[in-house]
Amino acid sequence: MNRKQLIVLGVCVALCLLVGIGLWQTSHDLRYTRINLVTHPKGIMGTTCTIAAIVDSAERDKAEKAMKNAEDIIRYLEFKLSTWLENSEISRLNHSGKSRLSNSTRNVVNMAKEAAVYTHGAFDATCSPLIRLWREAEEENRVPSPRQIAHAREASNWESFTITKTAMQKNHSTASLDLGGIAKGFAIDKALNMLRQEKIHGGLVDIGGDLACYRKENIEGTWAVGIQDPFGKGTIASLGLRNGAVCTSGNYERFFTIQGKRYSHIIDPRTGYPAEITPSVTVIAPLAAHADVWATALSVTGKDGFDFLPKTIHSMVIEGTKEKPSFHQTPGFRDYLVKPLNTK
Ligand code: ADP
Ligand code: MG
């Protein structure tokens, strides 16, 4: 065989290989149908929950197992972190002054501690004595006195706690911790990781309207996320997201009412008083834990907090009233809007 014949043979072999691979891929794709699986586990964090996965039909069992793992990790984290459950590690710390820390709890606590620094004190999980004071005030229908507020503020800082690798303790008897502004986001991230670990093509975890999602490169399109109108029914904006998290804090659902006046359920740790009512704050971030933190922090600061936002985090803050609303968006937020804001 001469050189020319060898080259021709080489090209033929290469072509056959390419056609072969092409045919194998086509038949490979034909064997699988892509399906969307969705579950709505009940009794999670006192709110609704949705777990969704995009999978090949042949991998249904594997995907269902991963979705169950996602649900289990949320329940596990709630069991460790909730202040509504007496035996959680955080409740034990609050009631008895010390608690053993599991790895997960230690991670959330450390994330919450860092958040107090990068939000310049707008997010502070140690402001629990103030949250309790305002909750009691609602029950008794009277605004707390300046003295009561000053007293509750005394222990509302991170110096009131010592954290070691395996345990945490209070240094101040009136100190207490409330991870309500980060636990949901943290749990969403961990649950989504359960789907990623099993190499599921796409996944979404939503707890009470806060969510994180992903789509691998082979899956086209985006996840559609609606943002509720804080002044009425329906949605005010629609976002399209391939990877990342969206969390919303709104005063339209949760607030304290004292002597007929509405107060935000979010406390401004810097003053001890409820934050000014910010009807709605939406945050898009790579991680739900960060989106959750920033949604609470921006509810305290309003749009002025945009100055502190890292570049990877985008937000829309709606201020004002139904009659006179004002909409504020960071430049990056607009890139996620699938149609212009429905501001009527
Ligand atoms: P939602 O539960 O509606 O998502 P948030 O994510 O904004 O609300 O979290 C609000 C919860 O965070 C409150 O119920 C309380 O437990 C806690 N919290 C309130 N104010 C603050 C604050 N300034 N910093 C950290 N946590 C807070
Ligand atoms: Mg939140």
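Here are some questions and answers about this predicted model, with the terms explained as they come up.

Residues are numbered from 1 along each chain as its sequence is written, and chains are lettered from A and ligands numbered from 1 in the order in which they are written. Local features need pLDDT of at least 70 and side-chain atom pairs count only at pLDDT 80 or more, while totals for chains, interfaces and linings use all residues; side-chain values use heavy atoms, with hydrogens and water left out.

Q: How many helices and strands does the protein have?
A: Let's begin with the secondary structure. Helices (H or I, at least four residues) and strands (E, at least two) are DSSP runs, numbered from the N terminus. By that definition the protein has 9 helices and 15 strands.

Q: What percentage of the 344 residues count as buried?
A: Buried means under 20% relative accessible area, exposed over 50%, and partly exposed in between, with a 1.4 Å probe and protein chains only. The C-alpha atoms fill a box of roughly 100 × 50 × 40 Å along the principal axes. Of the 344 residues, the buried share is 49%.

Q: What percentage of the contacts between residues at least 6 apart in sequence join residues at least 24 apart?
A: Contact means heavy atoms within 4.5 Å. Among contacts between residues at least 6 apart in sequence, the share that joins residues at least 24 apart is 60%.

Q: What distance separates the end C-alpha atoms of α2?
A: The expected span of a helix is 1.5 Å times one less than its number of residues. For the 22 residues of α2 that gives 32 Å. The model agrees, because the end C-alpha atoms of α2 are apart by 32 Å.

Q: How far does helix α4 reach from its first C-alpha to its last?
A: Helix α4 (residues 103–118) has 16 residues, and 22 Å is expected at 1.5 Å a residue. Among its buried residues are Ser104, Arg106, Met111 and Ala116.

Q: Which residue just after α4 takes a positive phi?
A: Most residues other than glycine have a negative phi. Just after α4, a positive phi of about 55 degrees is taken by His120.

Q: How are the rings of Trp134 and Tyr263 arranged: stacked, edge-to-face or tilted?
A: Rings of Phe, Tyr and Trp (its six-membered ring) pair if their centres lie within 6.5 Å; planes under 30 degrees apart count as stacked, over 60 as edge-to-face and the rest as tilted. By this rule the count comes to 4 aromatic pairs. The centres of Trp134 and Tyr263 are 5.5 Å apart and their planes at 45 degrees, so the pair is tilted.

Q: Which elements hold Trp134 and Tyr263?
A: Both residues, Trp134 and Tyr263, are buried, and together with Tyr273 they form one aromatic cluster. They are 129 residues apart, so the pair links distant parts of the chain: Trp134 is in helix α5 (residues 128–140) and Tyr263 in strand β12 (residues 261–264).

Q: Which ring has the charged end of Arg262 over it?
A: A charge sits over a ring if NZ of Lys or CZ of Arg is within 6 Å of the ring centre and within 35 degrees of the ring normal. Arg215 lies over the face of Trp223, at 4.9 Å from the ring centre. For Arg262, at 3.9 Å from the centre, the ring is that of Phe255.

Q: Which residues does Pro144 touch, not counting those up to four places away in sequence?
A: Pro144 lies in the loop between α5 and α6 (146–154). With a relative accessible area of 4%, Pro144 is buried. Its partners are Leu133, Trp134, Ala137 and Ile149.

Q: Is Gln259 buried or exposed?
A: Gln259 is found in the loop between β11 (255–258) and β12, and its phi is near 45 degrees. At 56% relative accessibility, Gln259 counts as exposed.
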